[in-house]
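I opened this entry to work through ring pairs, cores, the sheet and a few single residues, in that order. My notes follow the display.

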Amino acid sequence: MSTHHDPISLLKDYMSNSKKIDSVGGKLYFNNLEIPLTHLTAWKPKQSGKQYSIGSLWFFLQNSGLNKGDYARAASKAGAGVEMVSIPDRSEVLAYFQGGKDTTDCIDEELRASTLIEKVAEETKNASREALERPLCTKESLLQTPSVSYKYLLTYCKDNLKHKKRQREISATSLLEEILSGPDNHPEHQPRPIIIVPSAGTPGGICYANALEFLEKGNYVDPNNVTGIMPSGPLCFNKKIKGRMITFEVYDQTLGFSKAHWRRAVAVFVQGPRYQFKDWPLANDLITLFLTMRGFYLNYQDSPIEENVKKLYVKILQISRNKRHLDKTIQHEFWCDLEKFIFSPRYKSK
């Protein structure tokens, strides 16, 4: 038996519910359903009669925080199946797949049936495989059937190898495990993941002075209201993650960072200006920078977001100016996002 899936409905379900979509070898994996990036959907651009591939829609949704130039460069390097979503279509794509909008005129319902993905049930696959394997029981029988084409066997072997490769990539060592068991050993403790914050804060922002109160305790203190003498050097705190106590270090200065420090950096809080990243290893490639460490931006809900921040691929956290009982909700949002990042394999540029 087989079932059919609409790629647009599938992508909307996964994006709106924050389900994980794996991208390996030119295909997207929705749990155990694979769809090539090149597979066309029923979503048609407003300014042409073509159809967007599922790869184009997915890649835009993953990179919607980039500015136009960076997005264009990233899309051009993404390979077959990924083309830019045009500017007139972008707001509609975001509203439908992430903003809760349930209908759109951009979906051509007449095309929808022709874009469905067929998924063959596992028992049917096994039965077909057994039927294929049955006449190939010995080397002699293979040699005695010269008129038979074995193209299907080659296809099966290639697909099997791709599946095994994908399983290896998915089960690759996470960023956190790589840091904790990596080469940067300390005589007294394990290597510690690093979070980088600005030295001085702005109202609604995070900085060295208020970082521990928010990251460790879930209490936000405006930088202008922080009192007392701050210690020098990195700040340390413990966080229990998936039953394991992890010690994090917080830095506001990276001037003396070694390669070992940069290997341990997992998050950075941005303020907006590009000079914040001056002399960083990836200062001239912010796209790759925010793939190697997770970017965050914290500000008050009723304050405008810095224009430069809108161009960066960072997670925006907005905190209430007066309702302090909501601070822990934003802190929880931060940790959920960061945990997802550090439990994924480290990004390695090609």
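Predicted model: local features only at pLDDT ≥ 70, side-chain atom pairs only at ≥ 80, totals over all residues.

Residues are numbered from 1 along each chain as its sequence is written, and side-chain values use heavy atoms, with hydrogens and water left out.

**Aromatic pairs**

With that criterion I found 20 aromatic pairs in the structure. I looked up Y14 and F30, which form an edge-to-face pair at 5.0 Å centre to centre with 85° between the planes. Y14 lies in helix α1 and F30 in strand β3, so this pair ties together parts that are 16 residues apart in sequence; helices (H or I, at least four residues) and strands (E, at least two) are DSSP runs numbered from the N terminus. For burial I used relative accessible area, where buried means under 20%, exposed over 50% and partly exposed in between (1.4 Å probe, protein chains only). Y14 is buried at 10%, and F30 is buried at 2%.

I then took Y220 and Y300, whose ring centres are 6.0 Å apart with planes at 85°, so this pair is edge-to-face. Y220 lies in the loop between α10 (211–217) and β7 and Y300 in strand β10, so the pair ties together parts that are 80 residues apart in sequence. Y220 is buried, with a relative accessible area of 4%, and Y300 is buried with a value of 4%. I also recorded a cluster in which ring pairs link F237, F248, F269, F296, F334 and W335.

**Cores**

A nonpolar core is a set of buried Ala, Val, Leu, Ile, Met, Phe, Trp, Tyr and Cys residues joined through side-chain atoms within 4.5 Å. The largest has 33 residues, of which L11, I21, F30, W43, L57, V93 and F97 touch the most other members. Elements that give two or more residues to this core are α1 (7–16), β3 (27–30), β4 (33–36), α2 (54–62), α3 (68–76) and α4 (87–97), and α2 gives the most, with 6 residues. A second, separate core of 32 residues includes I179, F269, L317 and L338.

**Sheet**

Strands pair if DSSP finds at least two bridges between them. I traced an open sheet of 6 strands in the order β7-β8-β6-β9-β10-β11, with mixed pairing. Its edge strands, β7 (235–241) and β11 (315–319), each pair on one side only. I counted 7 bridges joining β7 to β8 (residues 244–251), and these two strands run antiparallel.

**Single residues**

S344 sits in the segment after α14 and is partly exposed, with a relative accessible area of 25%. Leaving aside neighbours within four places in sequence, S344 is in contact (heavy atoms within 4.5 Å) with S174 and L175. S344 and S174 are 170 residues apart in sequence, yet 4.8 Å apart in space, C-alpha to C-alpha.

Definitions and conventions
Phe/Tyr/Trp six-rings, centres within 6.5 Å; stacked < 30°, edge-to-face > 60°.
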